[in-house]
Amino acid sequence: MNNRKILATIAAGALALGLAACAPAEDGGGAAGGGGGEGGLVGVAMPTKSSERWIQDGEAVKAQLEEAGFEVDLQYAEDDIPTQVSQIENMITKGAVALIVASIDGTTLTNVLEDAASQDIAVIAYDRLLRDTEAVSYYATFDNFLVGQQQAWSITNGLGLTELDGTAIDGAPAGPFNIELFAGSLDDNNAFFFFNGAMDVLQPLIDDGVLVVKSDQTDIEQVATLRWDGETAQSRMEDILTSQYSGGDKVNAVLSPYDGISRGIISALEGSGYTVGAEWPIISGQDAELDSVKAIVSGEQYATIFKDTRDLASKAVEMTVAVLAGEEPEVNNTEDYDNGVKKVPSFLLEPIIVVADNIPEVLIDSGYWTDEEING
């Protein structure tokens with residue numbers, strides 16, 4: 001639709017993007033025009049503010065788009081699908097030239113995205129794949145299968161079985177270790193990548209009897225957590241502890257795909273009388289949320305996976321600028337992200353395992369969190 005009008009400003013916008021700082025803007029909500037809007041309006045649809053990471057994602061995308069000369073309409077749908085649909089409809093009505101969408105449920109936006117496509121509005125999927133539509137142009141995310149592997153490696157490392165990169169340790173204990181499994185929300189395509197990556201590491205150990213799932217809940221449909229909700233995870237963990245571990249056995253490890261779920265698991269363990277120390281389980285996580293980083297310092301959570309939202313925001317903005325300029329953005333994966341209609345060209349960023357020992361190097365030195373925020 002208005003692409004011709006903005007092409008003259010793309011080069012300047014791209015230059016501004018290259019000079020943009022990665023620090024997020026202070027105001028993360030609603031429509032904003034701090035960048036002047038010379039490049040046109042870009043709608044940014046985020047799922048919720050209940051997760052710290054999505055706030056950081058939204059603010060980083062907004063700041064970098066504004067630095068590139070765009071007006072930004074940033075909206076959070078609080079995990080309500082009709083709200084997100086309505087927000088995207090309003091962005092289209094306002095004349096958005098592009099949409100960056102982190103969906104609540106990637107299968108529910110087909111119709112509104114087809115409306116965007118009919119008006120020549122570029123659509124970039126952000127961290128969560130948009131499914132069942134031709135309308136998505138590109139996908140910016142992390143290597144999500146690797147994320148799952150890293151979560152599993154953090155568990156095997158905590159149990160003394162492997163190094164953090166999965167390399168076997170000579171003389172490692174034979175087990176058996178009791179482990180329980182959690183997965184993300186079934187309406188999020190990433191949940192399957194995370195779980196499949198983790199089980200690629202864990203299933204051979206389960207088959208060999210090194211790891212034992214006392215609940216026998218090993219299928220993703222059994223272990224999924226709707227909306228990645230920590231309270232839902234806490235309730236399920238409480239049920240598992242009551243039904244499987246009331247006779248004196250202890251759970252030694254818990255696969256958790258997300259820090260908010262990890263905190264729910266921690267609450268269930270504390271409520272069942274577990275104390276941090278020799279009997280405390282190894283618990284994985286994801287997103288390096290501040291409360292969970294603090295939990296790693298205190299010994300409640302063993303590890304998290306750091307996905308630098310500043311880098312992901314940069315990639316999504318780069319894709320947006322390139323598409324609007326009629327260019328092909330840089331991608332590094334064209335095969336693995338099939339949305340049911342097409343294989344979506346994607347750029348996968350690399351995640352990093354964070355444990356207590358490398359918090360200063362990975363999170364503090366990079367400026368993601370300060371020492372005072374973590375330890376103050």
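Leu181, Met237 and Leu269 touch the most other members of the largest nonpolar core, which counts 51 residues. The model is predicted. Helix 5, strand 7, helix 6, helix 7 (220–223), helix 8 (230–244), strand 9, helix 9 (259–271) and strand 10 each give two or more residues to it. Helix 6 provides the largest share, nine residues.

Take Leu269 as a way in. Setting aside residues up to four places away in sequence, Leu269 touches Met237, Leu241, Val251, Tyr274, Trp280, Pro281 and Ile283. Another core lies apart from the largest one. This other core has 32 residues, including Val44, Phe70, Ile100 and Met319.

Four strands form an open sheet in the order 8-7-9-10, and their pairing is parallel. Strand 8 (211–212) and strand 10 (282–283) are the edge strands, each pairing on one side only. Strands of a sheet pair through backbone hydrogen bonds, in either a parallel or an antiparallel way. Strand 7 (residues 177–181) and strand 9 (residues 253–255) are joined in the parallel sense over three bridges. In this pair, Ile179 stands opposite Ala253 of strand 9.

Two helices pack on this sheet. Helix 5 (residues 144–158) touches strand 7, strand 9 and strand 10. The direction of helix 5 makes about 175 degrees with that of strand 9. Helix 6 (residues 189–207) touches strand 7, strand 8 and strand 9. Its direction makes about 155 degrees with that of strand 7.

Now follow the chain out of strand 9. Ser256 sits in the loop between strand 9 and helix 9. Is Ser256 buried or exposed? Ser256 counts as buried because its relative accessible area is 0%, and the cut-off for buried is under 20%. What is Ser256 in contact with, leaving aside its neighbours within four places in sequence? The partners are Gln151, Phe182, Ile261, Ser262, Ile265, Ile283, Ser284 and Gly285.

Last, the open space. The largest pocket has a volume of about 370 Å³. Its lining is made of 25 residues. Ser51, Arg128, Arg227, Trp228 and Tyr258 are those nearest the centre of the pocket. Helix 2 (52–67), helix 6 and helix 9 each give two or more residues to the lining.

How values were computed:
Residues are numbered from 1 along each chain as its sequence is written. This is a predicted model: local features need pLDDT of at least 70, side-chain atom pairs count only at pLDDT 80 or more; totals for chains, interfaces and linings use all residues. Side-chain values use heavy atoms; hydrogens and water are left out. Two strands pair if DSSP finds at least two bridges between them. Contact means heavy atoms within 4.5 Å. Axes are lines fitted to C-alpha atoms, for helices over the stretch in contact, and angles run from 0 to 180 degrees between N-to-C directions. A nonpolar core is a set of buried Ala, Val, Leu, Ile, Met, Phe, Trp, Tyr and Cys residues joined through side-chain atoms within 4.5 Å. Buried means under 20% relative accessible area, exposed over 50%, partly exposed in between (1.4 Å probe, protein chains only). On a 1 Å grid over the protein atoms alone, a cavity is a set of points where a 1.4 Å probe fits but cannot get out, and a pocket is an open set with protein on both sides within 12 Å along at least five of seven lines; lining residues have an atom within 4 Å of a point. Grid points are joined across faces, edges and corners, and a volume is the space filled by probe spheres set on the points.
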